[in-house]
Every structure is written in C-alpha cells, then in structure tokens.
Amino acid sequence: MQFQQLQYFVAVAETRHFTRAAERVHVAQPSLSQQIRALERELGADLFLRARGNITLTDAGEALLPLARRILADADTARHEVQELVQLRRGRVRLGATPSLCTGLLPDVLRAFHDRYPGIRLLIEESGSHDLVRALARGSLDLALIVLPLPAPAPALTTVELLREDLVVVSSPEVPAPGRDGRVVAVDDLEGERLVMFRHGYDLRELTVAACRSAGFEPDFAVEGGEMDAVLGFVRAGLGVAVVPRMVATRAGRGLRVTPLARPGLHRTIALAHRSDVAPPRAARELQRMLLER
C-alpha cells in the first residue's frame, strides 16, 4: 500500500468521480484508475462500485476511508512539524520597531534570540508606529513593536501589551538642571526650556507636543527633525532638553543628566502586533515568546 494510492482513493471517495479526482490530485485519469486498481489488488477487495455515472463506496471502501484520512492527516502533521523545526535552523524574522525601542528594549532580546537560533536572519525595520502598522498590513513585516493607542483603529491587527514605560527629561550636565528644584520636572516647567525634538511621525514627538499643549503652551524647539541618536547627541552638546523613554536614557551612557517627570508624569504603552489573519512563522512566534517573557 502506497501513500500516493491513499491520496487517490480519498480523492475519488470525496468527489465520487474519477476524472474530477484526477484533476484534484493533478494526475492523468488513467494513471489514477490504475493506482486504485493496484490498491484494490493489494487489499484483496473492491473499494468502489462502478456503475455508469455513479461511483459509490463498498463496505471495504467505507472501512478504509476514515483510516486513509487519518494516515494522510498524520503525514501532513509530520511534514509540518519537520518544517517548523527547519524554520528554527534557518530562515528570517522581519521585525519592525520604533527607533527608541531599537535603542532600549531590543538589543538584549535580539542577542538572546541570536544565541539560541544563530541560523535565523533578523531583518529590522526602524520607523514610527503609523508606518509599522502599514507595513504589517502589506505583509512586509512578521511582527512589530508599536506604541499604543493607535490614532486609528486597526481591526486587522492583533496586539498584546508588552510594557508601560515612564518618560524622563534628559539634559546636558554642563547646563543648569531643568525644573524648579533640579530633582523633578513638571510638564509646566518645559515652557521655559528649549526642546530638542524628534522628526514628524515620531510617537515621542506627538506625545510630548500634546502634553505641552494640554498644559497650555506651545513647546519651543531648539532643534527638530532628528532620530533618537541625533536627539541624544544634540542634548549632550547642550542645545536643549528632550523627553525620552527611561529605558533609552538608562542605556545612553555618560554625558546625560536624567530627571524624572513629576507625577502623574508621562508614559507610553508598548505592544507587540501582528496580522490577525495570518499566523506568524515559527521563528517569529519564538521571538514573540521571548519578547513577552523578557
């Protein structure tokens, strides 16, 4: 009994037609009929009653059908499991993240993932949450780390909250500390400070500007339009202060003074997102698990 013969038998049993069954399994009809007859000889029993225009299962065929379906399903499962294992030895994961997360959250997790799965290529797209959501919708990313809430509903995405992160104010130690006492900074205090501001489309830009306007003033920009590394460099040079995630400030090293924001402060929620209608590849699901368990 051959695996291929069982495939042909199930196709005929489900279509009740030899020609349509041959089309389903992409084989010539005479070849399919020949394999069915060979299977019947092997089993010593007819599997079909062949009346003109009417194909029905015999008792032997009825007995074989659920067993054949189970064998084929087990073979598909075995093939799938092996492919899943292969995906963890080679392949790729396409991950999108905001620049601040690339600086703060991802390095340690990606190092651990690479150590465990050195054959997996990690392709990182660094952009704002809006652009990352569009990239997920296009299918050009497997996963993305985005900032919630999104400005518009994204029903095609599944999101899982990863962390809630405080924002802090960074400044150069060479200039006076921001705020009234140098220990904390209220959002109101930023009215008297010149800000180093991110480019348009940056989640942190929108959050900071919205907080200043809620406090009743328009922020004053000393420099604007930079990415994360540029913003931190401009702050170190004493051009102004910036509002950044605590995780980024902690990893930024020397040359920066970090001042917390007074309560209630500013926060952002980070979520891991993927398309709801497409399951991420095995390697991407493994990276997802490591991010959620970090």
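**View 1. Helices α1 and α2 pack against each other at about 130 degrees.** In this predicted model, the axes of α1 and α2 (residues 18–25) sit 8 Å apart; axes here are lines fitted to C-alpha atoms, for helices over the stretch in contact, with angles running from 0 to 180 degrees between N-to-C directions. That makes the pair oblique, since angles under 35 degrees count as roughly parallel, over 145 as roughly antiparallel, 65 to 115 as roughly perpendicular and the rest as oblique. On the α1 side, the contact (heavy atoms within 4.5 Å) uses Gln-7, Tyr-8, Ala-11, Val-12, Glu-14 and Thr-15. Phe-18, Arg-20, Ala-21, Arg-24 and Val-25 answer from α2.

A word on the model: it is predicted, so local features need pLDDT of at least 70 and side-chain atom pairs count only at pLDDT 80 or more, while totals for chains, interfaces and linings use all residues. Residues are numbered from 1 along each chain as its sequence is written, and side-chain values use heavy atoms, leaving out hydrogens and water.

**View 2. Helix α1 (residues 3–15) on its own.** Helices (H or I, at least four residues) and strands (E, at least two) are DSSP runs, numbered from the N terminus. With 13 residues at 1.5 Å a residue, α1 should span 18 Å, and its end C-alpha atoms are 19 Å apart, so the two agree; the expected span is 1.5 Å times one less than the number of residues. Buried positions (under 20% relative accessible area, with exposed over 50% and partly exposed in between; 1.4 Å probe, protein chains only) include Leu-6, Phe-9 and Val-10 of α1. Just past the helix, Arg-16 has a positive phi of about 55 degrees.

**View 3. Helix α8 (residues 203–214) and the glycine after it.** Its twelve residues reach 17 Å from first C-alpha to last, close to the expected 16 Å. Asp-203, Leu-204 and Arg-205 are among the buried residues of α8, as are Val-209 and Cys-212. Gly-216 follows α8, with a positive phi near 95 degrees.

**View 4. Helix α6 (residues 106–116) meets α11.** The axes come within 10 Å and cross at roughly 130 degrees. The two helices are therefore oblique to each other, and α6 passes α11 in a right-handed crossing. From α6, the contact takes in Leu-106, Val-109, Leu-110, Ala-112, Phe-113 and Arg-116; α11 brings Ala-283, Glu-286, Leu-287, Arg-289, Met-290 and Leu-291.

View 5. Gln-288 lies in α11 (residues 282–292) and is buried, at a relative accessible area of 13%. Leu-143 belongs to strand β5 (residues 143–148) and is buried at 0% relative accessibility. Its own contacts, again leaving out residues up to four places away, include Arg-94, Leu-136, Pro-280 and Ala-284. Arg-285, also placed in α11, is partly exposed at 33%.

**View 6. Strands β6 (residues 157–171) and β10 pair in the antiparallel sense.** Four bridges join them, where pairing takes at least two DSSP bridges. Val-168 stands opposite Pro-260 in β10. Strand β10 (residues 257–260) has Arg-257 and Thr-259 on its covered face, and Val-258 and Pro-260 on its uncovered one.

Key:
A crossing is left-handed if the near helix is turned anticlockwise from the far one by less than a right angle, and right-handed if clockwise.
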